[in-house]
Amino acid sequence: GCIFEENSKLYAYNDTYLWISDGAHFGTKTFVQLMDHSVVSIGRSHFRDKTILICKAGNLKIGDSGSFAPNLSIMIDDHCEVEIGDEVLVARNCHIRAGDGHALFDVKTGKKRNYQSDSDENRIIIGNHVWIGYNNIILNPSVIGSGCNSGSGSIIRGDYNNNCSLV
């Protein structure tokens, strides 16, 4: 089975789908909150202490053999998607943010202005064998190709081919 260490919490609300592979390991003080029809699939990866995964009506897929250092946060808003490949290494204090975190409404119509269903603007895709350096922020839309690595303190947004260095 999977392991959730002490003081970890998992909440799932409103028809969410969660699949966690045997061998997945979540360190102490991990917080997972899934809401409003989220779909989450987590492979055999290791998440160290103080990981935060919040998915609200979005999709999250994490592959196998990943290693995620402490203080990782992955936050996914309505109709956004994050996909992380196999053998991805993420250093401490990294943030992956799909969505802008705030609903903006048209005053006259009352319709949400910053909603784009099924748009590439709503995706973050991280390929296989990627190294994300210390204190990075990854924003949508982004595609980070396989074999890439990023320097400490990078803010990443955009498309990057395989085997690139991002600084």
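Modeller: Quick ground rules: it's a predicted model, where local features need pLDDT of at least 70, side-chain atom pairs count only at pLDDT 80 or more, and totals for chains, interfaces and linings use all residues. Residues are numbered from 1 along each chain as its sequence is written, and side-chain values use heavy atoms, with hydrogens and water left out.

Biologist: Is threonine 51 buried, partly exposed or exposed?

Modeller: Threonine 51 sits in the loop between strand S7 (46-47) and strand S8 (52-56); strands here are DSSP E runs of at least two residues, numbered from the N terminus. Buried means under 20% relative accessible area, exposed over 50%, partly exposed in between (1.4 Å probe, protein chains only). Its relative accessible area is 0%, so threonine 51 is buried.

Biologist: How far apart are the C-alpha atoms of isoleucine 96 and methionine 75?

Modeller: Isoleucine 96 belongs to strand S14 (residues 95-98) and is buried, with a relative accessible area of 3%. Among the residues that isoleucine 96 touches, beyond four places in sequence, are Leu72, Met75 and Ile138. Isoleucine 96 and methionine 75 are 21 residues apart along the chain, and their C-alpha separation is 6.4 Å.

Notes:
Helices (H or I, at least four residues) and strands (E, at least two) are DSSP runs, numbered from the N terminus. Contact means heavy atoms within 4.5 Å.
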